[in-house]
Amino acid sequence: MRIRSLVFIAVVLAGAAGAFFLVWRPEIPVQAQAQAQSFDPALIAKGRELAAVGNCIACHTVPGGEAFAGGLAIPTPFGTIHSTNITPDRETGIGGWSLAAFTRSMREGVDRAGNHLYPAFPYDHYRLVSDADNEALYAYLMTRAPVRQDALANDLVFPLGFRPLIAGWKLLFLEAAGFTPDPSKSQEWNRGAYLAEGLGHCGGCHTPRNALGAQDPDRHFAGGEAEGWQAYAINASSPAPIPWDREALAFYLRHGWHELHGVSRGPMAEVTGNLAGLPDSDIDAIATYVADVMGEPSTERRQQAERLRQDVGAPERTGGDADTLAVPPDVAGMPGAALYAAACATCHESGRPLPFGGLDFRLSTAVNAPSPQNIVTVTLFGLPPADGEASSVMPGFAGALSDQQVADVLAYMRTRFSSGTPWPDVAEMTRRTRSGEHKVVVRPSDGIERAPLNVGVEIGP
Amino acid sequence: MTVKLKVNGAVHEVDADPATPLLYVLREDLELNAAKYGCGLGQCGSCMVLVDGEATLSCVVPILALGEREITTLEGLGTVEDPAPIQSAFIELQAAQCGYCIPGMMMSAQALLQRNASPSDQEIRDALRTNLCRCGTHMRILAAIRRASEMMSAGAPSNRRAG
């Protein structure tokens, strides 16, 4: 009996010790001096580009608020998380953080004091960032204007407010730090993989997550969700009618639109808004990598795309005084046909080129996507115009169309412009989106509100 | 074809193609000329009206979409003799220069104030995001909307012609 008790006690102690080492992280002492003056301007400039790749500003800034001061509410399936202040304010920001503390947060998701951070901060990607790049990011953030602004409390479902639980999540899902290049691929591909999988954290939105909120490695880039928007699949299952290639991706990432694909919107608009300040070489590298992940389209898909491209290039017009496309007779009687013709076709079949004209729906990923969520959102709320500069814009139809009318128009568009199966329950999805039951964040088409220029962050040489 | 429309509290029967944009019917058939034709593409906001209280661009909405819904134009808010708060405030603050965009501005503001009587400056700017003004009276427009908000908060009915 005594031996059994001893074994039992030993097991409990070992378990407790294991849990302690799993959960406990030491505090890293507050850094004595603000070091703003001692950073090399070239390092700061490099950090600025890297911060743009990381899209740091998008989560760490409230639109219209101070850059990097945090406070943005980020809806997740587990409740609402508020982003933190990453300005160099010593009391409420990261002014007291050493480079070691910063690097640890990027790799292990632990703050300076040793608290585990929620993986809404994508350290599952940032773990790949090199020492040199962390140093540059640190130099950039430490030379921003300090803003005194306390973090807001998170509102998470029980028991996730208890941070030590995050250590268990990391044990299951967080891999070791560091990027391993693939020697069989080009240098450009490896640069793209490093940026896209690391700081760029494309998979944060574009890879589906499991029940515990971790990305499913078997479904890399297979499509996910962000701020109520569908992040389309960007692997072989991409629903784009014309397959993406390296050139189209590079143009899109650089400009926020592409003539064969449409304009970026929702959270992606912030990504393209940020990438606008990046050197071509990095944009091309990301495009090279993502195009390779998508892979070569099948012969059949390529031929379909080629036919579509020719149709779009030389549209078949109805003639007479109508300047719109011929409507196939089998869809002409659908309930949404008249609404579409009167409310949508005037812009979307006008032939006006992108980014200011409406996209020809035959090219629309939204119409061909498995879920109608994005097109429901855009139909209701439109694309708001950007402040103070030219941008794509679309009026919202929330006031004009009932839930059933939205469903009718979209059913018509799905039948006419896509070979996909009909979407179920569009009226109910429209109701939930309109009422806010399904939360979706609507911002201007190029994410200008939180693009660097608009929140007072310098961009450029 | 005869289409029934409920505008400013009264039911009107108009003889029009159901695909006709609401704006054309308001101006040409009902002679309600406050809503203006600016771009015709839903991008400038000068044709703004309320549909069931929600700001709606009348140039891109076909009348077939409207059914029984309640349409309100600027004429439906108040009269010259008895202006609604939003109209009084725009006059008091002299918020118009050429005036072409102003009815649309007022209708966007009206929709905002009906659901939020004391909006913040940012909320006003967001609500008027789809309304363009080329004269540059934006600061006066903002001031007028704040003034209308005060008047409504002090108890003035937002719509002088509501039954």
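First, some ground rules: the model is predicted, so local features need pLDDT of at least 70 and side-chain atom pairs count only at pLDDT 80 or more, while totals for chains, interfaces and linings use all residues. Residues are numbered from 1 along each chain as its sequence is written, and chains are lettered from A, with ligands numbered from 1, in the order in which they are written.

Let's start with chain A. Its domain assignment gives domain 1 (19-173), domain 2 (187-296) and domain 3 (318-450); such bounds come from an automatic or database assignment. Look at domains 1 and 2 of chain A: their C-alpha centres lie 23 Å apart. Here 20 residues of domain 1 are in contact with 20 residues of domain 2, where contact means C-beta atoms, placed from the backbone, within 7 Å. On the domain 1 side, the elements giving two or more residues are α2 (41-54), α3 (56-60), α5 (123-126) and α7 (164-173) of chain A. Helices are DSSP runs of H or I with at least four residues, strands are runs of E with at least two, and both are numbered from the N terminus. The largest share, 5 residues, comes from α2(A). That side of domain 1 divides into 15 nonpolar, 3 polar and 2 charged residues. Nonpolar covers Ala, Val, Leu, Ile, Met, Phe, Trp, Tyr, Cys and Pro; charged covers Asp, Glu, Lys and Arg; the others, Gly among them, are polar.

Now bring in the partner.

A residue is buried if 20 or more other C-beta atoms lie within 10 Å of its own, exposed if 12 or fewer, and partly exposed in between. A:Cys56 counts as buried because it has 22 C-beta neighbours inside 10 Å, and A:Cys59 is buried because it has 23. Leaving out residues up to four places away in sequence, A:Cys59 touches A:Leu72, A:Ile74 and A:Ser83.

Methods: Two residues are in contact if their C-beta atoms, placed from the backbone, lie within 7 Å.
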